[in-house]
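Me: I am new to this one and would like a guided look. Could we go through it together?
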Amino acid sequence: MSEIAKAYEPKEVEQRWYANWLEAGCFKAVADARREPYAIMIPPPNVTGMLHMGHVLDNTLQDIFIRRARLEGKAVLWQPGTDHAGIATQTKVERQLRESTGQTKHDLGRERFLEKVWEFREESGGVILNQLQKLGASCDWDRTSFTLDADYSKAVLDAFVKFYKRGYIYRGKRMVNWCPATQTALSDEEVTMKPQNGFFYKMRYELVEPDGNRTHLEISTTRPETLMGDTAVAVHPEDPRYKHLIGKAVWRPFPRAAIPIIGDAYVDREFGTGCLKVTPAHDKNDFEIGQRHSLERIEVIGADGNLTAAAGEDFAGVERFAARKLAAKKLEAMGLLIEREPYENTVGFSERGDVPIEPRLSEQWFLKYPKVEEAKRAVENGTIRFHPDRWKKTYLHWLNGIQDWCISRQLWWGHRIPVWYKKGIERSALNFSDPEQVHVSVEGPSDPENWEQEADVLDTWASSYLWPMANLGWPNPTQEQQKELDFWYPTSTLVTGFDIIFFWVARMIMAGLELYGDAAKELSDAEIAKRIPFKDIFIHGLIRDEQGRKMSKSLGNSPDPLELIDKYGADGLRFGICNIAPSGSDILFSEERIQIGRNFCNKLWNAVRFRQMSGPISDSTGSPQVDNSSFEAIISRIHTDLFDDYDHWILGRLHQVMADVEKCFAQYELAPLTHQIYAFFWGDFCDWYVEASKGKLKGDPALRDNCLAVQDLIIRQVLQLAHPIIPHITEELWKALGYDEVVPYIQNTTLLKAATLEERVPVDMDSIERVSNLQELISQARALKAQYNLANKRDVSVFYGAEGKAAQVIAENASLVRTLAGLGSLQPLADQSADGLPAVVTPLGTLYLDLSSSIDVAGEKVRLQKELEKLEKLVEVGLNKLKNPKFVESAPAKVVEGARKQLAETTEKRDETRRILESL
């Protein structure tokens, strides 16, 4: 044991303890059959990523669960790793290549380009993991995985082959999100919606055969550059304006062609003109209409975002947005453009390419989701539990409307699809059911010179959805890995944001249900329980700024977590971010609120330092003078027959906060966690118990030693409770007070249960009630002073009117009440008249404030009289305004309501001022 420094320096403490933990192997996962397993698989961050506030929240929450599980004596695995992030990483390396050499990936070729990406990964791939260590993340770093590791890659390819052979994977031409900048298909989560200002173009499509006086149909669109691909105009089949025209035709303006008028219930009769141009090759909904009506699909925008030859001579090769202006200009010249109406709508942008996506027909690989009904059942019957439970509805809603997943990407960095095509056969002529023409396997064909491998790679999510299984050795585990699979799988808890419930969480569940075990058409509930990847899903919100905006570098509202760690310490940041995180809802971040974490750490440090200064801990050689080595050792120093009310009360509060924290973890309700620990330690222990105990520390040695033993017990338990949140400082203070003499690290101790403490250290409920009543009396005394602007004066005189036991309690604690309430004197009312004295009722009696001893009565009366006259005038103005019918009837409702509210507040203030004046 060593003397605690005067000031807490988090940087030195955190670096030293993290190094100690790593050296001692504190985070190493061991499949110990004597213990209950507890496993979390870290949501793998992008290998090229940098720590942001979302990572801070997500990984702090995981670490809290992990460290708590260690304290509970469980065998613990926190599996770290990174995701290869196909499009993000390739885009970054392509940009670097272009900026440094002026070359493209095509100049290098696939093999050489991939070498460049691997070089980049080796240089920067571990940065985010090192940053997580600065945060204090207690992962088993020796197990760090990467989704392109050899064994993991084999697992990904094996899953593809299994899905293909079971009929879940197919190749087809479908509508996808397309990024013209990176020239690849995108998943929905790689598309961000942005508001855009554009135009609504209203134009004429002339009828091939005029309908009486009607010569044309009016059509509105935001994308006139696609009209060259129109193959029909759709109207609602029950729209009386147009239903008689169904089966007839209109002229597409250019390239000029007659296209049919069709009836389809998708058309919204109330939107625009009620006529919809149908471009099956460039709009998802139009594509589906086209399928229903067997319409031709004309691709007029190519993969690079430029218009194709099918768009006509005037448009071939023109960039799509330039083509929009050109098409509008041409319509205007032809007299077919009726108007341009300014219009704001949301447009999908490629997250990495930062350009508007194109809905585009493309030949891609698709996965029909397996075991959908079982994935629903697992959640509906509670085999998998969402926390908070409300996210279960979101999950089930998505599964009910699920569509096939486009799993191919036109990239080079990633898992290359394990499909080979026989050379010499056109792709369009291939028979995918003939293994002589299409080969699908992990190893590839035995005669590779006769085959050409598919160029596309798999969507990144089509590798990370195997994360819980593949990290434990699936599908071909060694004997040792099989033991680990049997022990750790299914894992315990998944911690993630709600935004990837669809894209990752559900897919992991379905993959586990289909692949973990032999192929089966149906699964029993017992089999489902064996195959699920995790049992509990803890969902947290997204971190936003104080205005509710998503954090981004462009807005300048995204703080650097490493700077916050330098400023507040990792523990301060961890405590602060948890303190402002509501359960499953978005978090409004402000740096001021993070300061709560640093302040709490400082309070903890100073309180333990005060304990060291208050009585013996160790002698001059550092040898212990009191035995804090275990719970039993401290209990042996505590004598309940020497307790006063405050000892009973603080230990009763300790029972309660320990039970509350246990409930937080049992119910996966972490939002109250820091608030409960903060309120108990700062409020109950430091502000009340330590203050109430100062007299005992200066008196009878037996009472002093007993009080210090109680303090040692409380601090020990607070350090255990707080350790999962603020691990570094709690470890430092654990050592400083000698709690480490037998067990060197907190995580290796046995977590004391509230019920055990209650059994071993019983408390008197009457004592607890007396202290609670005293607390209320002190709070009311402070409020009474504040009411008369005396909050900061400590020479105030107060009388109390109480009888019997209540009067005895006040008298016995008068010194403490004077100290904590800031009173000059506290006397029984006795025979003194209480007439005119401001008063407040408490559980122990009535308090009376003697203003004459505290203020200049004459001067205060003059001040209050002026204030009262001012308030009287304001009340009169407010009343006259609300009596005026013109104001009440013509002003906006919010303004009138505001006036009423202001009058009520002013009236209340006037009446209170009058009451105070009368009391003087």
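**Salt bridges, packing and backbone details**

Reply: The structure, which is a predicted model, holds 56 salt bridges.

Me: What can R385 and D536 tell us as a salt bridge?

Reply: The closest N and O atoms of R385 and D536 are 2.8 Å apart. R385 belongs to strand 15 and D536 to strand 23 (residues 534-540), so the pair ties together parts that are 151 residues apart in sequence.

Me: Is D536 buried or exposed?

Reply: D536 is buried, because its relative accessible area is 6% and the cut-off for buried is under 20%. R385, at 37% relative accessibility, counts as partly exposed.

Me: Which side chain makes a polar contact with the side chain of D536?

Reply: The side chain of H387 does, at 2.6 Å. H387 is placed in strand 15 (residues 385-387).

Me: Which residues does H387 touch, leaving aside those up to four places away in sequence?

Reply: H387 touches D536, I537, F538, I539, Q667 and Y668. With 13% relative accessibility, H387 counts as buried.

Me: What kind of peptide bond joins H387 and P388?

Reply: The bond between H387 and P388 is cis, with omega about 0°. P388 sits in the loop between strand 15 and helix 11 (391-400).

Me: And what about the peptide bond from F254 to P255?

Reply: That bond is cis as well, with omega near -20°. P255 is found in the loop between strand 10 (249-252) and strand 11 (257-263).

Me: How do R549 and D545 meet?

Reply: Their side chains meet in a salt bridge, at 2.7 Å from N to O. R549 is partly exposed, with a relative accessible area of 31%, whereas D545 counts as buried at 7% relative accessibility.

Me: What about R910 and D911?

Reply: The side chains of R910 and D911 form a salt bridge at 3.0 Å, N to O. Here R910 counts as buried at 15% relative accessibility, while D911 counts as partly exposed at 34%.

Me: New topic: at what angle do helix 17 and helix 18 pack?

Reply: Helix 17 (residues 561-568) and helix 18 (residues 570-579) pack at an angle of about 110°, and their axes are 6 Å apart. This makes helix 17 roughly perpendicular to helix 18, because angles of 65 to 115 degrees count as such.

Me: Which residues make the contact?

Reply: Helix 17 contributes P561, L564, I565 and Y568, and helix 18 contributes A570, G572 and L573. By class, the contact of helix 17 with helix 18 has six nonpolar residues, one polar residue and no charged residues.

Me: Last topic: what is phi of Q183?

Reply: Phi of Q183 is near 55°, a positive value in a residue other than glycine. Q183 lies in the loop between strand 5 (169-179) and strand 6 (184-186), and Q183 is partly exposed, with a relative accessible area of 37%.

Me: And where does N789 lie?

Reply: N789 lies in the loop between helix 26 (765-787) and strand 26 (796-801). Phi of N789 is near 55°, a positive value in a residue other than glycine. At 59% relative accessibility, N789 counts as exposed.

Conventions
Residues numbered from 1 in each chain as written. Predicted model: local features only at pLDDT ≥ 70, side-chain atom pairs only at ≥ 80, totals over all residues. Heavy atoms only, no water. Helix = DSSP H or I, 4+ residues; strand = E, 2+ residues; numbered from the N terminus. Buried < 20%, exposed > 50% of the residue type's maximum accessible area, 1.4 Å probe, protein only. Polar contact = N/O pair within 3.5 Å; in protein donor to acceptor, adjacent residues only side chain to side chain. Contact = heavy atoms within 4.5 Å. Salt bridge = Lys/Arg side-chain N within 4 Å of Asp/Glu carboxyl O. Axes fitted to C-alpha atoms, helices over the stretch in contact; angles between N-to-C directions. Parallel < 35°, antiparallel > 145°, perpendicular 65-115°, else oblique. Nonpolar A, V, L, I, M, F, W, Y, C, P; charged D, E, K, R; others polar.
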